[in-house]
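Subject: Handover of a structure and findings

Dear colleague,

Please find below the structure that I am handing over to you.

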Amino acid sequence: METIFDLARAQRRAGAQVPAPESVEDLPKTALREHLPALPEVSELQAVRHYTRLSGLNYSIDTQFYPLGSCTMKYNPRGTHRAASTPGFLDRHPLAPVSVSQGFLACLHELQEILQRATGMGSVSLTPMAGAQGEFAGVAMIRSYHAARGDTGRNEILVPATAHGTNPATASMCGCIVREVAVGPDGDVEIEALKAAVGPATAGLMTTNPSTCGLFERRIEEIAAIVHDAGGLLYYDGANLNAVLGKVKPADMGFDVLHLNLHKTFATPHGGGGPGAGPVGAGELLAPYLPGPIVEKTAEGYRWTEPPHSIGRLSAFMGNAGILLRALAYALMLGSEGMQRVGEFATLNANYLAARLGQEGFDIAYPNRRACHEFIVTLAAQKRRFGVSAMDFAKRLLDYGVHAPTTYFPLLVPECFLIEPTETESKEEIDAFVDAMANVLAEAESNPELVKSAPHDLPAKRLDDVEAARRLDLRWQARKRSL
């Protein structure tokens, strides 16, 4: 694929972007370059066209169906961006005093209350900058709670095999020992395995509900009782809250602390490394340990306050303001009835898609269970019969103009596709995805090499994933040019 350096010609300039000589006259000589920067010598129009072409090669929710399981790649309404971009918000300095920030603080306080109502938690902190940081906060709060009680021997975090993939890493980062809890063939946690795992070292249990298998844990109240009776606490990974938003609250399931992925449930941007926001909610036991600051409403107005036993601050400037404001705008657009429809239509779309794929000959991993927002297709039979793997299917789907679902996760299902259509996709789009999957299935049977060598219609063909990960080389060497 052509790089922008391939377009370069000596002495070609984007003149409007070159600083005027007088603009550098007052700079000390030590700050001036001896050689021109290693930038491509192209015109402004060439640069615009090149990067515009590249942007058209990206797969994104704005351009293609993007059914990544456990990631909720749903549409971000542009109205929420406009609301968060009003001058009053954009022009406010992060260090502006409370006296001139009452409107901004009022918005954050309202978002706190909305998230409290949606989750059933007593208090919410908006400051974590991503879901991963929210997870870290939740486990750190559990550890601080036990330490404050002198129960320092509690250093084990239980993680069901169907939990979100980041949970074990988060627990380890907080200095905990991770113990996996087995899951039965029906997708539910094995109660006897859980009973055998809990004990005096149990700090807590981390899980999602619905699980990463797209199944609602039917014995969640019993699980909560077992962990609580052993002296542990329950952490709720909010990655899959989109499935039950407005229908059931994590607090009612027995969870003590949670984080929310605003980029999944509340339709703020997702992907590309940010921006993010992962608010943390806590019940009565853990609310004093929330990361600060939190917005408090008083008779005199709004102000920042610190929880009495806070684990500390996790971000500068009290969180990612723009993303929080987008989430508030989205929540206000939905209202309480709209939030219920999110869960209803996300579940409806997933079950419809699972039924359609089953009719086309695909194996649903848990055919006797009702899916929630996502479900798993196992391609083990196709791998056995045709030698075509889940990754081969994923690469071939790119030729059909759709992004592949999540592959090979969760690990307990062989050759799996974890598929989440979300509530924002139309029936026509879902049906088109079924057609693409059916076409690839037919190709796998009639011409397996076509699928195994895909993609064919993209600028980059099949890469050696292992080699790319181990020996990735993105360097470009340019000749030095005199000023």
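What radius of gyration would a compact globule with 483 residues have, and what does the protein have? For a compact globule with 483 residues the value would be near 23 Å, and the protein has 25 Å, which agrees. Please note that this is a predicted model.

Overall form

The C-alpha trace spans about 75 × 70 × 45 Å along the principal axes of the protein. The protein contains 16 helices and 13 strands. Of its 483 residues, 48% count as buried. The protein exposes about 23,000 Å², and carbon and sulfur atoms supply 53% of that area. Among the contacts with a separation of 6 or more, 72% come from residues 24 or more positions apart.

An open sheet is formed by four strands in the order β10-β11-β13-β12, with antiparallel pairing. At its edges are β10 (363-364) and β12 (406-407), each of which pairs on one side only. Within the sheet, strand β11 (residues 375-378) is joined to strand β13 (residues 416-419) by four bridges, and the two run antiparallel. In this pairing V377 stands opposite F417 of β13. Helix α11 (residues 321-359) packs on the sheet and touches β10, β11 and β13. The direction of helix α11 makes about 15 degrees with that of β11.

The hairpin

Strands β8 and β9 form a hairpin, with two residues between them. Five bridges join β8 (residues 294-298) to β9 (residues 301-305), and these strands run antiparallel. One of the paired positions is I294, whose bridge partner in β9 is T305.

Aromatic pairs

How many aromatic pairs does the count come to? The count comes to six aromatic pairs. In one of them, the rings of F266 and Y330 have centres 6.3 Å apart and planes at 85 degrees; planes over 60 degrees apart count as edge-to-face, and so this pair is edge-to-face. The pair links distant parts of the chain, 64 residues apart: F266 lies in the loop between α10 (262-265) and β7 (280-282), while Y330 is in helix α11. Residues under 20% relative accessible area count as buried. F266 is therefore buried, at 0% relative accessibility, and Y330 is buried as well, with a relative accessible area of 6%.

A further pair joins F362 and F393, whose ring centres are 6.2 Å apart and whose planes stand at 80 degrees, so this pair is also edge-to-face. This pair too links distant parts of the chain, with F362 in the loop between α11 and β10 and F393 in helix α13, 31 residues apart. F362 counts as buried at 4% relative accessibility, and F393 is buried with a relative accessible area of 0%. Together with F417, these two residues, F362 and F393, form one aromatic cluster.

L397 lies in helix α13 (residues 390-399). Is L397 buried or exposed? L397 counts as buried because its relative accessibility is 0%. Leaving aside residues up to four places away in sequence, L397 touches V402, A404, P405, F417, F433, A436, M437 and V440. From C-alpha to C-alpha, L397 and D151 are 52 Å apart in space, and they are 246 residues apart in sequence.

Backbone details

Two cis peptide bonds deserve mention. The bond from N209 to P210 is cis, with omega near 10 degrees; P210 lies in the loop between β4 (202-207) and α8 (220-229). A cis peptide bond also joins F409 and P410, with omega about 5 degrees, and P410 is found in the loop between β12 and β13.

Positive phi values occur at A267 and M318, neither of which is a glycine. Phi of A267 is near 55 degrees, and A267 is in the loop between α10 and β7. A267 is buried, with a relative accessible area of 1%. M318 has a phi of about 65 degrees and is found in the loop between β9 and α11. M318 is likewise buried, with a relative accessible area of 16%.

With kind regards

How values were computed. Residues are numbered from 1 along each chain as its sequence is written. This is a predicted model: local features need pLDDT of at least 70, side-chain atom pairs count only at pLDDT 80 or more; totals for chains, interfaces and linings use all residues. Side-chain values use heavy atoms; hydrogens and water are left out. Two strands pair if DSSP finds at least two bridges between them. Buried means under 20% relative accessible area, exposed over 50%, partly exposed in between (1.4 Å probe, protein chains only). Contact means heavy atoms within 4.5 Å. Axes are lines fitted to C-alpha atoms, for helices over the stretch in contact, and angles run from 0 to 180 degrees between N-to-C directions. Rings of Phe, Tyr and Trp (its six-membered ring) pair if their centres lie within 6.5 Å; planes under 30 degrees apart count as stacked, over 60 as edge-to-face and the rest as tilted. The radius of gyration is taken over C-alpha atoms; the globule rule is 2.2 Å times the number of residues to the power 0.38. Accessible areas come from the Shrake-Rupley method with a 1.4 Å probe; for residues, only the protein chains shown count as cover.
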